[in-house]
Structure formats: structure tokens, C-alpha cells
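Please look over the sequence and the structure shown below before reading on.

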Amino acid sequence: MKNSEDTMGENTLGQIRSFVIRTTRMSPAQKRGWERYGSRFIVPYRETPPVSPDELFPDRSSRPLVLDIGFGMGRELAELAERQGDRNFIGVEVHKPGIGRLLLDLGAGDIANVKIIPHDVVEVLRDMIPPGTLDGVHLFFPDPWPKARHHKRRLVRPGFPEMVAPVLKEGGYIYMVTDWEDYAYQMVEVMTSASRYFRNEYDHFAPPQQWRPQTAFERKGLSKGHRIYELLFRHFSHTGSS
């Protein structure tokens, strides 16, 4: 999610986008990733119809499906997908160099359980993911927009839980990780306010989930002495318990 786009506009919820695409040149290797593997792993954004698991993973559509929001350079997503071959993953990212890097890793490792949608996740969730499709959503180290005047650009803000809840299965989860303390508490507040749809699996922050690969942003945060905050919320319909 970090350092992602070149223009800032309004998203479909009438809020300011949480990403900025910065003009970044792709390396020759990243370009090769697009050229060699783009047609195999990339699913272009479309408004209608939504994409079904059968379309994305025709030979393995019955397996759990997880959405990874803003995978950055993608190394951790490739590692996780290789470790968890019994799951399918959709990675959503707008940073072309990162997509190119992930394409190379997927192709070199012959990793068949990942698809990439290179588009704004708000519109992807709205238009491309059928209701009740996802078993999980990962949001690892999203752009913290640390300046107070930019907090309105953070992805996890009022309206975010209502955007995610419809596409999750009953009992599906959202797992969020950040090294920015005030953003972590904002995440808790936003998700707790949506108790009609989500319940915290822990009293407050979650213990480290051992299956999650350490990310480059995490290592950078730890080198600065930052604490890592993890949150795990479970989705229940409004007719269920809260």
C-alpha cells in the first residue's frame, strides 16, 4: 500500500483515496515480470460482472480465498502463498514495480494460487468480489499517513468495515498489522465501532500470528524501535452475535 499512486482523487465512497501513485521507473527485471507472466497472473479490473473463484482458480476454486490489500513488492505474499498451498490469494496493488517483482517470484516459483488485480482496492471490493466470497482479508503495514492533516487518507477509517463486511463469509476474518501506534488505535476504534459486523478475537491487540512472514516495512519499523501492532477481527452478520 505504501507509496503507491500519481494522482489523488475521490474514491467511490466519496472519500479521498488512501494511496498516491508516485512516478517510479520499473527495472528491466520488473518489466520482464509483466511481459512474461502478466497474462498468467493478472486479472484486469472490471465493473461487471464480479469474478468468481471458479473463474480465478478453475482447478482449485473450493479452497479458502484470501484478499491481500497493498502487497508492496510482493515478496511476503509469494512466500505466504507458497507456504499455504491449500489456500488461494488475490493480491490488490497499484504500484507497478511491486507487481512486476511479484510476477517474477510467482513465475519462478511456479506458484499457482495467486492472482493480482492492479487497481484501487475500494473499487475492487465494490465491483469485483462477489458477496460472501472471502475467507480472510490481510492488510499488512498500510500507508500510515503520519501527518495529522493526512489522517483522512488512511484506508482504515469510518466506512471501511462496512466496505469489507459484505465480501467476507460468515466467520471470515480481517487481519491488520501496523507499526504506527496512533494508526493502530484508530484501527481498533474503527473496527470496534462496527460491532454489528465484526468482533475482536482478542481483548485488544492480537499476539503475533506465527504464520505471517515478516515484511520489509516491519523490519524497517523495528529498526526504528517501533512496536508492531496486530489486530484480528472476525466477521459476523448483523443477525448474529456482536
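Is Thr-178 buried or exposed? Thr-178 is buried, because its relative accessible area is 0%, where buried means under 20%, exposed over 50% and partly exposed in between, with a 1.4 Å probe and protein chains only. The model is predicted, so local features need pLDDT of at least 70 and side-chain atom pairs count only at pLDDT 80 or more, while totals for chains, interfaces and linings use all residues. Residues are numbered from 1 along each chain as its sequence is written, and side-chain values use heavy atoms, with hydrogens and water left out.

**Overall picture**

- The protein has 8 helices and 7 strands; these are DSSP runs numbered from the N terminus, with helices being H or I of at least four residues and strands being E of at least two.
- Of its 242 residues, 54% count as buried.
- Among contacts (heavy atoms within 4.5 Å) between residues at least 6 apart in sequence, 78% join residues at least 24 apart.

**The surroundings of Thr-178**

- Thr-178 belongs to strand β5, which covers residues 168-178.
- Leaving aside neighbours within four places in sequence, Thr-178 is in contact with residues including Phe-141, Tyr-183, Met-187 and Tyr-229.
- A polar atom of the Thr-178 side chain lies 3.1 Å from the backbone nitrogen of Trp-180. This is a polar contact, a pair of N or O atoms within 3.5 Å; within protein, one must be able to donate a hydrogen and the other to accept it, and residues adjacent in sequence count only if both atoms are side-chain atoms.
- Phe-141, one of the residues that Thr-178 touches, is found in the loop between β4 and α6 (160-164).
- Phe-141 has a phi near 55 degrees, a positive value in a residue other than glycine, and Phe-141 counts as buried because its relative accessibility is 1%.

**Helices α3 and α4**

- In helix α3 (residues 75-83), the buried residues are Glu-76, Leu-77, Ala-78, Leu-80 and Ala-81.
- Several elements cover these buried residues of α3, among them β1 (65-69), β2 (88-92), α4 and α8.
- Gly-98 has its place in helix α4 and counts as buried because its relative accessibility is 0%.
- Gly-98 touches Phe-71, Gly-72 and Met-73, not counting residues up to four places away in sequence.
- The C-alpha atoms of Gly-98 and Gln-30 are separated by 7.8 Å, although the two residues are 68 apart along the chain.
- Asp-110 lies in the loop between α4 and β3. Its phi is near 50 degrees, a positive value in a residue other than glycine, and Asp-110 counts as exposed because its relative accessibility is 53%.

**Salt bridges**

- Side chains of opposite charge can pair when their charged atoms come close.
- The whole structure holds 10 salt bridges, each a side-chain nitrogen of Lys or Arg within 4 Å of a carboxyl oxygen of Asp or Glu.
- Arg-101 and Asp-105 meet in a salt bridge at 2.9 Å, N to O; both lie in helix α4 (residues 96-109), 4 residues apart, which is about one turn of the helix.
- Arg-126 forms a salt bridge with Asp-127, with the closest N and O atoms 2.5 Å apart.
- Arg-126 is partly exposed at 44% relative accessibility, whereas Asp-127 is buried at 10%.
- Glu-201 forms a salt bridge with Arg-234, with the closest N and O atoms 3.5 Å apart. This pair links distant parts of the chain, 33 residues apart: Glu-201 is in the loop between β6 (198-200) and α8 (216-223), and Arg-234 is in strand β7 (residues 229-235).
- A network of salt bridges links Arg-212, Glu-218 and Glu-230.

**Aromatic rings**

- Ring pairs link Phe-140, Tyr-175 and Trp-211 into a cluster; rings of Phe, Tyr and Trp (its six-membered ring) pair if their centres lie within 6.5 Å, and planes under 30 degrees apart count as stacked, over 60 as edge-to-face and the rest as tilted.
- Arg-154 lies over the face of Tyr-183, at 4.5 Å from the ring centre; a charge sits over a ring if NZ of Lys or CZ of Arg is within 6 Å of the ring centre and within 35 degrees of the ring normal.
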